[in-house]
Amino acid sequence: MWREKLRIRKSNQIQALHPSTKFLIVCLFSACSLILGSIKMNGYALLIIPWFLIVPLLCAASGIFMKFCKAFAKVLLVATMIFLTQSFLVRSDVVAWSGGVLKIYEKGLQTGIFISFTILNIAGIFTWMFQTTRNKEISRALEDSGMHHKAAYVFMSTLQMIQVMGQNSKTIMNAQRARGVETEGGIFVRAKAFFPSLVPLILGSIIGAEERALTLESKGFDVNGKKTHMFELEPSGYEKLAASIAVAATAAVLIGRILVWVL
Amino acid sequence: MGAIIELNNVTYSYPLANECAIKNVSLKLEEGRFYGVIGQNGSGKTTLCSLIRGFAPSFFRGSLTGEVLVCGKPTLDYKPGELSLKIGYVFQNPFSQISGVKDTVFEEVAFGLENFGVPVDEIEERVIRAVELTGISALAEKNPYELSGGQQQRMALASIIVLEPDIMVIDEPTSQLDPEGTESVFEIIKGMKDRKKTIILVEHKVDLIAEHADEVIVLDKGEVIRFGSKDAILSDETLLECGVQLPNIALLGNKLTRSGVPLERIPITEQQGVEIIGKALRTRSWCK
Amino acid sequence: MGGKTEKSHSIKSDFSMLAILIIPIAVAVNFVGGQLASLLKLPMYLDCIGTIFTAMLCGPWVGALAGGLTNVVTGIANPISFAFIPVNIATGLVAGFLARANMFSNWWKWLVSMVILAASSIIVTAPIVILVFGGITGSGPSMVVAGALAAGANIMTAFLSGDGIFTVIDRTVSYLLGYLVIGVIPSKTLIKFGCGENYIKKASVKKSA
């Protein structure tokens, strides 16, 4: 059976969760991060630091730890930069730590921790979702949840187009080089290489779009009826459990927040 | 048998164009026949195809007078998608016919049926038949973008054939292919002919038209200047003045006749050439 | 066909089949443009060329979607770019409305448009930078630049280094490229885009001149 081959099989049960469940987890986790961030101890939002530990743990449990590290490096860099600039450069009256010429002020450290860990938490959980889910699954889930099939088409087509055009641009660039268009040298020389590399690429795609529009029409793309799909999302069976855990954790965090507030 | 496609006094011009792309064309095309469309560049071949499929004027806009009937109904009266099931359309460029959202050839071919909401079991059966018919079964799991031009064009044919239209409009399917790709595409078209589809094919390679078509439509400056049996048309040297190419064997036949070799008639395919010229050589009554 | 018909713009009619197919191209051009600019070590980002020419061809709503989608797709690899979705949406909207208001027709209108385009980016970027990144301003530019670059938030860099001119130049070059492309699109293709007609007259005038 051909359809068998199209199925995405995942041995890891967390990875295999339905995309909508993953999205629920992402939303609740982010909400919790913000709630916890509003609990200040001596002005420091310390709770979001251990909260972040959940992200790498979840990724490890999903069997994508290395993939996660690779994808997350950029975010980590940004968060570190923000943390450092905030702590060292935002001045206030109280010095939290000083070593030689360097001084960390309390205010800066507080905002530094809050902002950088909020970013780490939210970006981290999104990274988890995207690293455990294929684009195809995202697109199907979006369509299942009521997105118009044309919108889902735009999403998938965009992802493929980026790949295809990236490849074409390399081909054109190499051809330009072979033709003797300078790609190195002064700024104007390099700028001159930019235009001939990009313009034919865009033009070709736009003219191709015309034919593609007709092709799609020939294949019934604009029929407004029920569509069928060769590729179906399959729930792993643990969706309810995962969602319950996420909801329960969020409820606990929320209750905790209210208690801190009342007491 | 009645006409499956009928054009009555059709005149059409593209938006912004001063001249008409198609002028006063009336045609009756019959079911189950293979029509070759020839003419020099800009003679209106593609426009004729677009009119039959209804892309003109629905997509290209422009102005149309006269009427184009498919199965007795004006193309303008068809609902979106309805015509897609009647007429399959294959374009020149294999690359731009890829839907751009599928990872495998199999899914690409299934795309049209998914749009029409055909049940998945049926899709699977029909796709398997279509990829077998077009000889791309072995490629079914590949990414559409990894295929060669010829393979992509066969996939394009498969993804139309799978919709099982009665009429196929095929616009220069081989213009961007190498000889090998061309041959494989024609094998498929021949298969469609055997299955009694009505085929309208635009093709520059007249030898192939001579070989496979039943009838020929010759266009020049937007007008149909000839329409009828391929034997009479493709051997007529006066067409050369309109920029129409003729099969090499027909040119040879004409030259032989002029130089005194009495041929029964002018051959237009290699096969006919061998027979007719061979016969003339054997009798040799004209020698001396 | 030459007669000027009063065109009504509904959002739904803006999203024609062709417009739908231009969006993926726009996003890919944004990507490739940015890549190419950094490959050639140009001191510009040129990562909204696709958004701008789409807005010019298909109007503000399609442009906005192309812009927003660019950041959504980038966000799959780096979620921080989600925060900057509004910036690219603004670019698409503003470029589209400027095109619709025929604000690219002569040199002074054009200059004003470039400033508006750059200013809108800066204005939208400012609150995001303050909210998400704690409003780091002025101090420690090099570190911030590194951080911003890593975030893929290119506008932010321009904003933070306080260099509005930089953004104006970036937008101008992007616009010129878009204009160049539109100039070579055959008019029979142009006519099928929502705002395509605006450029046909110009093209024919240019040829006869």
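In this predicted model, twelve residues of domain 1 of chain B are in contact with eleven residues of domain 2 of chain B. Domain 1 covers residues 3-246 of chain B, and domain 2 covers residues 247-288. The centres of these two domains, taken over C-alpha atoms, are 34 Å apart. Between them the two domains bury about 900 Å², with 56% of that area on carbon and sulfur atoms.

Two salt bridges are counted between domain 1 and domain 2 of chain B. In one salt bridge of chain B, B:Arg265 is joined to B:Asp231, and the closest N and O atoms are 3.6 Å apart. Four residue pairs are in polar contact across the interface of the two domains. On the side of domain 1 that touches domain 2, the helices α8 (206-212) and α9 (230-234) of chain B each supply at least two residues. Of the elements on that side, α8(B) gives the most, with four residues. By class, the residues of domain 1 that touch domain 2 are five nonpolar, two polar and five charged.

Chain B also holds an open sheet of four strands, in the order β2-β1-β4-β5, with antiparallel pairing. Strands β2 (22-30) and β5 (73-74) of chain B each have a single partner strand, so they stand at the edges, and one side of each is left without a neighbour in the sheet. The partner of β2(B) can be followed in detail: strand β1 (residues 3-13) of chain B pairs with β2(B) in the antiparallel sense over six bridges. B:Glu6 stands opposite B:Lys28, a residue of β2(B).

The next step leads from chain B to chain C. Five residues of chain B are in contact with seven residues of chain C. The two chains bury about 660 Å² between them, 75% of it on carbon and sulfur atoms. B:Leu16, B:Phe59 and B:Arg61 together supply 69% of the area that chain B buries against chain C, more than any other three residues. The side of chain B that touches chain C has four nonpolar residues, no polar residues and one charged residue.

Chain C also meets chain A. This contact takes 52 residues from chain A and 56 residues from chain C. About 4700 Å² is buried between chain A and chain C, and carbon and sulfur atoms give 86% of that area. A:Phe194, A:Ile206 and A:Glu210 supply 14% of the area that chain A buries against chain C, more than any other three residues.

One salt bridge is found across the interface of chain A and chain C. It joins C:Lys192 to A:Glu210, with the closest N and O atoms 2.2 Å apart. Four residue pairs are in polar contact between chain A and chain C. The elements that give two or more residues to the side of chain A that touches chain C are α4 (65-89), α5 (106-132), α7 (149-178) and α8 (187-218) of chain A. The largest share of that side comes from α8(A), with 20 residues. By class, the residues of chain A that touch chain C are 36 nonpolar, eleven polar and five charged.

Note on methods:
Residues numbered from 1 in each chain as written. Chains lettered and ligands numbered in written order. Predicted model: local features only at pLDDT ≥ 70, side-chain atom pairs only at ≥ 80, totals over all residues. Heavy atoms only, no water. Pairing = 2+ DSSP bridges. Contact = heavy atoms within 4.5 Å. Buried area = accessible area lost by both parts, 1.4 Å probe. Nonpolar A, V, L, I, M, F, W, Y, C, P; charged D, E, K, R; others polar. Domains from an automatic or database assignment. Salt bridge = Lys/Arg side-chain N within 4 Å of Asp/Glu carboxyl O. Polar contact = N/O pair within 3.5 Å; in protein donor to acceptor, adjacent residues only side chain to side chain.
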